[in-house]
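Subject: Handover of a structure and its findings

Dear colleague,

Please find below the structure that I am handing over to you. My findings follow directly after it.

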Amino acid sequence: MKDNYETATPPEKLAESRSERERLLQKWGFEPLSLMWITKIHDKNLDVIVEDTLAQGSYEKSNYNVRDGALPQSSPIVAERLIKFYTEPGDTVLNPMCERLPHLLIAHYLHRNVIGQDICKEFYLHDVEKVKKRIKNAQFMDSENNKITFEDDNHFFSIYNGLRFDLTCGDSRHLDLPNNSIDFIITSPPYYNIGIYGDIEPEQIGRGTITGKGDVPTYEEFLDGLQEIYAECLRVLKPGHFFCSILNDFRLKGRFYLFHIDSIHKAEQLGFIPHDLIIYNLGLHPIHAIFLSELNENKTFAKMHEYIEIFRKPN
């Protein structure tokens, strides 16, 4: 087929196509395929920027198991690709569930304004100190470019490298942002209550004591809480722009939860338009012998991927 295409296509059209392909590859640094994998060849600055001492310590204490308290970590390469593909320098990127800032730190590194919110006070304070450290270590000719302009117990705002860095500690079902003000939203929601997300605030949608009718939210109540966050994302996102959610399915107490499907339904009910679905390959990792025994006993396959769901706000 390639030979037929190149033979049948006029030389000038073929040259134009190749030139456009090279231009876009230079802009993005990757080919936008529905199956995304991680390469060892990437910008090493990304690893330094998102270094997460909280997560690293939790993994050592929890035998590398998120169900025992190890904190989840997002890939900086995935964040870089999505932000480069869906935004331009100077755009404003929001993450309503910050997860200790990996997406926003990458966005800021790529010259985007960033806004983040997180319910967990421990994570929020960690994030603020992380941003302060980056500002302190940065060298700028114009001191005004890295001047902290506002900070209180639950809000941190700075102009860092000429770009906005805005963090809030609070329930993301209520975003103090204008309608139609955000260019792109990227987030990774909690996996119901199978992980530990810092302090156990009563408002947490997966583990909070006041988010459902009982002491612990049901899965359905968790989805309702997530939908409220999605509703705020729909409100603040600019028409025609994109919202990205990175997640996976999971098992809990013998039940298999099709989280990626359920979250799509919740987003559609609000008015989001499903735009794309990408499978992110987590990579090949050796599986511990004990884990293999569990897989054999339950007749399940180890999940080596995540879903990247892309929604668009109607024009």
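In what follows, buried means under 20% relative accessible area, exposed means over 50%, and partly exposed lies in between, with a 1.4 Å probe and protein chains only as cover. The model is a predicted one, in which local features need pLDDT of at least 70 and side-chain atom pairs count only at pLDDT 80 or more, while totals for chains, interfaces and linings use all residues. Residues are numbered from 1 along each chain as its sequence is written, and side-chain values use heavy atoms, with hydrogens and water left out.

Overall composition

The protein chain contains 10 helices and 12 strands; these are DSSP runs numbered from the N terminus, helices being H or I with at least four residues and strands being E with at least two. Of its 315 residues, 47% count as buried. The accessible surface of the chain comes to about 16,900 Å², and 54% of that belongs to carbon and sulfur atoms. Such areas come from the Shrake-Rupley method with a 1.4 Å probe, and for residues only the protein chains shown count as cover. A contact is defined by heavy atoms within 4.5 Å. Among contacts in the chain with a separation of 6 or more, 69% are accounted for by residues 24 or more positions apart.

Cysteines

A disulfide is taken to be a pair of cysteine sulfur atoms within 2.5 Å. By this rule the count is zero. For cysteine 169, which is in no disulfide, the nearest cysteine sulfur is that of cysteine 120, 7.4 Å away. Cysteine 169 has a relative accessible area of 13% and is therefore buried. Cysteine 244 is also buried, because its relative accessible area is 0%.

Salt bridges

Side chains of opposite charge can pair when their charged atoms come close. The criterion for a salt bridge is a side-chain nitrogen of Lys or Arg within 4 Å of a carboxyl oxygen of Asp or Glu. The whole structure holds 13 salt bridges.

One of them joins the side chains of lysine 27 and glutamate 88, at 2.8 Å from N to O. This pair links distant parts of the chain, 61 residues apart: lysine 27 belongs to helix α2 (residues 11-28), and glutamate 88 to the loop between α5 (76-86) and β2 (92-95). Lysine 27 is partly exposed, at 36% relative accessibility, and glutamate 88 is partly exposed at 38%.

Another salt bridge is formed by the side chains of lysine 132 and glutamate 151, at 3.0 Å from N to O. Lysine 132 lies in helix α7 (residues 121-137) and glutamate 151 in strand β4 (residues 148-151), so the pair ties together parts that are 19 residues apart in sequence. Lysine 132 counts as partly exposed at 26% relative accessibility, as does glutamate 151 at 39%.

Arginine 173 and aspartate 171 also meet through their side chains, at 2.9 Å from N to O. Both of these residues are buried.

Helix α8

Helix α8 (residues 219-236) has 18 residues and reaches 26 Å from its first C-alpha to its last, close to the 26 Å expected at 1.5 Å a residue. The expected span is 1.5 Å times one less than the number of residues. The helix is mostly covered, with 13 of its 18 residues buried.

Which residues are in contact with glutamine 227, leaving aside its neighbours within four places in sequence? They are Lys266, Gln269 and Leu270. Glutamine 227 is located in helix α8 and is buried, with a relative accessible area of 15%.

Valine 236, also found in helix α8, is buried at 0% relative accessibility. Not counting residues up to four places away in sequence, valine 236 touches Leu94, Leu175, Leu177, Pro178, Asn179, Asn180, Ser181, Ile182 and Ile185. Valine 236 and asparagine 179 are 57 residues apart in sequence, yet their C-alpha atoms are 4.3 Å apart in space.

Surface patch

Patches are made of residues with over 30% relative accessible area and no salt bridge; like charges are joined within 9 Å, and nonpolar side chains (Val, Leu, Ile, Met, Phe, Trp, Tyr) within 5 Å. Leu33, Leu35, Trp37 and Ile279 form a nonpolar patch on the surface, with about 360 Å² of accessible area together. Isoleucine 279 sits in strand β11 (residues 273-281) and is partly exposed, with a relative accessible area of 35%.

With kind regards
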